Amino acid sequence: MTIQENVPLAPLTTLQVGGSARYFAELRREDDVPEAAQFARARDLPLFVLGGGSNLVVADSGWPGLVLRIAIGGITTQSTDAPGKAVLFGVGAGVNWDDFVAQAVVQNCAGVECLSGIPGSVGGTPVQNVGAYGQEVADTIESVRALDLKEDRIVVLPKPACGFRYRTSIFNTTERGRYIILRVNYRLKRGGAPSLKYADLQKYFAEKKTLPSLAEVREAVREIRRSKGMLIVPGDDDCRSAGSFFKNPVLSEAQFKHLAERAESKGLEIPSYPALDAQHKVSAAWLVEHSGFLKGYAVGAAGISHKHALALINRGEAKASDIVGLKDEIQHSVQEAWGILLEPEPVFVGF
Ligand SMILES: Cc1cc2nc3c(=O)[nH]c(=O)nc-3n(C[C@H](O)[C@H](O)[C@H](O)COP(=O)(O)OP(=O)(O)OC[C@H]3O[C@@H](n4cnc5c(N)ncnc54)[C@H](O)[C@@H]3O)c2cc1C
């Protein structure tokens, strides 16, 4: 294990802002992780676990302690050959998420095809229960192997212990900072049908008479994502982001009624999508766009993607403070206009 000093973090994130890590180590072997944690503990350094850096805003002052970049690789499968049978994939936390999805699809295994094209590492996916186009990793995670920093031992957390909900798990709420995820086990279905719950996907395949294959759904998802700036495409400034910057607010009946009345008084109608309605969710993108922020809005080096109202982007030389300034401005305006405080989705590091 090599510990480096003063390593710039911006190039290791998709938003590409922020300062340096005081200490930094990239760990490829599970055995290195307890040793690295001990290095931080012995020096009383705060520890931050970095995956693919696709859901982060790193402060301009950087991180004062140790950043551990988890790069543990390897994908194992355990299955029977019978069609329709479950296949267990054990995947190293450092494996690129989309590489794993590609491999699952090649092996004709259903369950993660709608999550194609999401950037980041496998180890990052349980943290905010990554989801898109009608699937979330909680649907297929069997268990999570992790170093428990509190008990100082390696544990295997079965799915119910992970507390998955919308963009939430124990890893980003009640037990934040306690676990370093080493490996994630997913249960997929060989020969299973692709999931086509989302309107965008149904529209894409409307002309097709037969059920699309998993590979066709994967390609469709990647294409839809590309059109929204939600796929990392080198050279496309609209994807220098952390993905959606705000969560879709989950409202009570009374809050929703109040919101609908506000909209009506402005001659507007809250858009209704079955996937959102089922969970009393309101489109954060709609709220942002109806609070004075159109796609392409810019303040200095920070801005909103030309393709997606929820993606805050670094237009070139933005600092973390520029991104945070724009975030504050949007939150303030949405609250003034609609009485709702939007909750950011990315993790703020070193603030
Ligand atoms: C263009 C774009 C599109 C996106 N689209 C989606 C989407 O459709 N749906 C969605 O849910 N998200 C989306 N995201 C957000 C992001 O890709 C996911 O949240 C992703 O899972 C983050 O993984 P990561 O490895 O990059 O984690 P990082 O950004 O490195 O870290 C995020 C958090 O996870 C923790 N973490 C990471 N790895 C570990 C580990 N091994 N052990 C413990 N903690 C860890 C970090 O400490 C941090 O708190 C998008 C982002 C971008 C840039």
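Is R41 buried, exposed or partly exposed? With a relative accessible area of 40%, R41 is partly exposed. The legends below describe close-up views of a predicted model.

**View 1. A salt bridge joins D152 and R41.** The closest N and O atoms of this pair are 3.8 Å apart. D152, with a relative accessible area of 48%, is partly exposed. In general, side chains of opposite charge can pair when their charged atoms come close.

**View 2. E151 and R153 form a salt bridge through their side chains.** The N to O distance is 4.0 Å. E151 is partly exposed, with a relative accessible area of 43%. R153 is also partly exposed, and its value is 48%.

**View 3. The side chains of R240 and D237 meet in a salt bridge.** Here the distance from N to O is 3.0 Å. R240 is buried, because its relative accessible area of 17% falls under the 20% cut-off. D237, at 39%, is partly exposed.

**View 4. E26, R28 and R69 are linked in a network of salt bridges.** The structure as a whole holds 22 salt bridges.

**View 5. Strands β14, β15 and β16 form an open sheet.** The order of the three strands is β14-β15-β16, and their pairing is antiparallel. β14 (298-299) and β16 (312-314) stand at the edges; each has a single partner strand, so one side of each is left without a neighbour in the sheet. Strand β15 (residues 302-304) pairs with β16 over three bridges. Among the residues involved, G303 has I313 in β16 as its bridge partner.

**View 6. N108 has a positive phi although it is not a glycine.** The angle is about 55°. Most residues other than glycine have a negative phi. N108 is placed in the loop between α2 (97-106) and β8 (109-110). Its relative accessibility is 40%, so N108 counts as partly exposed.

**View 7. R167 is a residue other than glycine with a positive phi.** The value is near 55°. R167 is found in the loop between β12 (153-158) and β13 (179-190). With a relative accessible area of 13%, R167 is buried.

How values were computed: Residues are numbered from 1 along each chain as its sequence is written. This is a predicted model: local features need pLDDT of at least 70, side-chain atom pairs count only at pLDDT 80 or more; totals for chains, interfaces and linings use all residues. Side-chain values use heavy atoms; hydrogens and water are left out. Two strands pair if DSSP finds at least two bridges between them. Helices (H or I, at least four residues) and strands (E, at least two) are DSSP runs, numbered from the N terminus. Buried means under 20% relative accessible area, exposed over 50%, partly exposed in between (1.4 Å probe, protein chains only).
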